[in-house]
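Please consult the sequence and the model shown here.

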Amino acid sequence: MKDETKLATLGRDPEGHHGAVNIPVYRASTILQPDLKTLADTYAARARDEQVTSYGRIGTPLTYAFENTVAELEGGYRAMSFPSGAAACSGAILSVVKAGDHILVTDSAYGPTRNFCDTLLKRLGVETEYFDPLIGAGIKELMRPNTSLVFLESPGSLTFEIQDVPAIAEIAHRHGAKVAMDNTWGTPLYFKSFRHGVDLSVHAATKYIVGHSDAMLGVVIATKESWPHLRDSIRALGVNAGPDEIYLGLRGIRTLAVRLPRHMESAITVADWLKGRPEVSRVLHPALRDDPGHAIWKRDFLGACGLFSFELDRKYGDDAVAAFVDHLELFGIGYSWGGYESLVTVAKPHSLRTARPWQDRGPLIRLHIGLEATEDLIADLKAGFERLNKAQG
Ligand SMILES: *Cc1c(COP(=O)(O)O)cnc(C)c1O
């Protein structure tokens, strides 16, 4: 089955729900059982890892439908939902590590992922070492006998370095370490992480899976080998995602294969246009032919999303950047991305980098290109450049 067909058919069960096309929201804590024998059987089935409805926190038919749909789309074994993408990142890491371990995390990782490693994980006796996202097979030099996990994010969601996932995974596995990857940018549609050696694929479903900027949701997809560790760790933590959010995740993903190509196409159009602007020193987008990550992106990814950055010439100061950003009409100023609408932020990777410092560079602007017409977006940016130059004098 092609991905488009999977997205239209997986996780549906009209016969089980009075003919309703979508599985309704189950708002449930207690699941009543007719008698003690059935209750015991249900809990025994749960212990055998069957997807039974035994208690609200563990999952309802809607939870399992969402998790199975995402897992099957990406090519993993099973998935676990989380109340946010940040919780999914932490949960994936926690499912692998124990006190005394050493883990390797890409220097381009999402800020809150780093924060988790630098605070809570450190307190639990796990040492984090950051590595150059472009390290590739050079990761071999960093592996130690107690390295249990390599955590990737490709491309980095501020700086867009593409990582050589297969090369890194091969070395990690040879040393007995697992590979987790924040695959939010690639989505289960455009980066089939399990074909490239990933053991745990993490998504901020808040972004393209929900797709409409109206819910917080995370999901981790695991290989068969990693699944029991993920399941047991997260159940021990008592983490679960809310039913309405899961509903929005499953509803959102139905149209992923329609939305993403449009985000991709529009973002490339805008990125190409930005490359021709004299104010712009660099556009960071792996789908552009002259991007340093382009060859690996083309080899491993099936597409791109609508998120990328560009760097302004170093001469532009904070006031000029504010003049550009503050009065854009179609680009909302805000974090997150993956909704239908365009967004802009000024990215500040400097304080987040330790292995490969981000220095001596011009202001970095990150755009999320939504589903608006590119002509309108470009006109908005063009007016922004006029303000930028006027403010810089
Ligand atoms: C947004 C984001 C997250 C966190 O997701 P939330 O749902 O906001 O907690 C994790 N990783 C990446 C790459 C993100 O962009």
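## Helix H3 and backbone features

Helix H3 is followed by Gly 75, whose phi is positive, near 95°. The model is predicted, so that local features need pLDDT of at least 70 and side-chain atom pairs count only at pLDDT 80 or more, while totals for chains, interfaces and linings use all residues. Residues are numbered from 1 along each chain as its sequence is written, and side-chain values use heavy atoms, with hydrogens and water left out.

Helices (H or I, at least four residues) and strands (E, at least two) are DSSP runs, numbered from the N terminus. The 14 residues of H3 (residues 61–74) should span 20 Å at 1.5 Å a residue, and the end C-alpha atoms are 20 Å apart, which agrees; the expected span is 1.5 Å times one less than the number of residues.

H3 is mostly covered, with eleven of its 14 residues buried. Buried means under 20% relative accessible area, exposed over 50%, and partly exposed in between (1.4 Å probe, protein chains only). Among the buried residues of H3 are Leu 62, Tyr 64, Phe 66 and Val 70. The buried residues of H3 pack (heavy atoms within 4.5 Å) against elements including helix H1 (3–9), strand S1 (78–82) and helix H9 (243–253).

| Residue | Phi | Relative accessibility |
|---|---|---|
| His 18 | near 55° | 86%, exposed |
| Thr 187 | about 60° | 2%, buried |

His 18 is found in the loop between H1 and helix H2 (36–47), whereas Thr 187 is in helix H7. The peptide bond from Ser 154 to Pro 155 is cis, with omega near -10°; Pro 155 lies in the loop between strand S4 (147–153) and helix H6 (165–174).
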